[in-house]
Amino acid sequence: MTEWLDDFLLRSIAAGLIMVTIAAPMGCLMVWQRLAFLSDTLGHAAVLGVGLGLMLELLPIFGVLAVALLIVFSLSRVSSFNSALSETTLAIISHTGLAGGILVVGMLPSQTVNLEGILFGDLLATTRGDLLTLLLTTALLLVVLLRHWRAFVALSVSREIAQAEGMAVRKLQFLMYAMIALLVAVMMKVMGVLLIAAMLVIPTTSARLFSRSPEQMVALSACYGIAALAGGISGSYRFDWQTGPAIVVSATALLLLTLAITRIAGARSEGKRVP
Amino acid sequence: MPNELLRVRDLSYSLGGRRVLDRLCFELKPAQITTIIGPNGAGKSTLVNLVTGLITGFEGEIVRRPGLRIGYLPQKVYVNTLMPLSVERLLQLTRSASAGEIDRALAQTEVGDLKQRQVRSLSEGELKRVLLARTTLGKPDLIVLDEPTSGVDVSGEIRMYELIRELRSQLQCAVLLVSHDLHLVMSQTDQVLCLNQHLCCSGRPESVSQHPEYLALFGQQAADSIAIYSHRHDHVHDLAGDHGEPRHD
């Protein structure tokens, strides 16, 4: 029954689909809460996590998770949480994490680590183990999302209203950050640390152009994600492009196409109104 | 506690070593409109946040009637424009409501036609009315409005205060509001709390407007403007001098 798992291409398609399933709702929440840059920061700092993980002979994912959780925990300790997420703070953490990570990786014996795979992802090299980790993490995140969806949406719309109406805003916010840390740790394998944020932001932006409700935006983001995945994997398979970058470029191409279509459609309906 | 919704005794609050509120005492009674006035930095929003329970760590006591339901409209509502969200959905953000309840709430603040609109396409004034409708959904005993007319034009302001009065009589709920618009609000109010860190004076608008501390804060002009508005007409005169129908706009 699991014979299909022997095919590397099917394994990577499955991994990609699982990633899209969780990237769509998480990406929407992050765009709504203006947290896209946080995922980028955690992604960059993940290189340090990978390096430390390998150095301590742990699975890289645990190193990444530890570093990401440490960062979100430190940020949440700062009293005015939102100002802690200022661009400057995040940029410093982001690039220190990346630079420190590359130094640590450089100290390791060269055959133990594929830096390019860390940075840009290695979807076509997805193992059964990777697939299982991705599946379990996604299931966990989806359960939490479903349980707290209304609260997360309320928090995204207006922090003040959510708080005044009795929602535990700080707890929810911290839960959200912890979930982003976990998401970054598992998406790293597929997208590479430098491209995680792209997969959270670009399909979401395309979806926003048409959506009328939060849930619709999530569903459309997933559609755009799947389309980008298809473009990326086929490009990678046929022309030997790197998969992660190919997915991101496909996603952006779809965004531009969507923008063009909405512009033209918008201009047409304008034209109809004016006799 | 007989009758009152909320009783405040010797309420003090300090922020960073500075005393923002100093030994306040007042009560909120059912179906009464209470207005907090005072200069910038008087602690008006802080007081509101204490009453709604948004901030804690005060001295003194705030006693709420058991099971008191509060509807709250914050002063600045940053509503996320990145999220596609209909007005109907905004009303159900933290709790579900039936279609009938939503229609009734929107009709009360005269924005029934906005139900299907996207929140990001609303003007500031429309958004305020939608959010005011939102506060009435949970059948509140007390509606707390922090400067409900900021971002609303002058004719909108007058209508907004009329709406608040109508809400009070329809829902039989108490209203606590913060306002800068002295002359507009005073005539619509049962109780005024004149705040400047301490409670300068409180009571009915007519008595507050003659109080020396009120006059020191806002001047004689403000006192006069209350007199003008307290006998505002509820009918219109046409050119022939006949009385027309009461007008609400």
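**Exercise 1: the interface**

Determine how many residues of chain A are in contact with chain B, and which element of chain A gives the most.

Solution. Taking two residues as in contact if their C-beta atoms, placed from the backbone, lie within 7 Å, one finds 21 residues of chain A in contact with 18 residues of chain B. α8(A) gives the most to this side of chain A, with 5 residues, where helices (H or I, at least four residues) and strands (E, at least two) are DSSP runs numbered from the N terminus. The model is predicted, so local features need pLDDT of at least 70 and side-chain atom pairs count only at pLDDT 80 or more, whereas totals for chains, interfaces and linings use all residues. Residues are numbered from 1 along each chain as its sequence is written, while chains are lettered from A and ligands numbered from 1 in the order in which they are written.

**Exercise 2: the sheet of chain B**

Find the strand order of the open sheet in chain B, and explain which strands stand at its edges.

Solution. The order of the 3 strands is β2-β1-β4, with antiparallel pairing; strands pair if DSSP finds at least two bridges between them. β2 (18–28) and β4 (59–64) of chain B each have a single partner strand, so one side of each is left without a neighbour in the sheet. Between β1 (residues 6–15) of chain B and β4(B) there are 5 bridges, and B:Val8 stands opposite B:Ile62 in β4(B).
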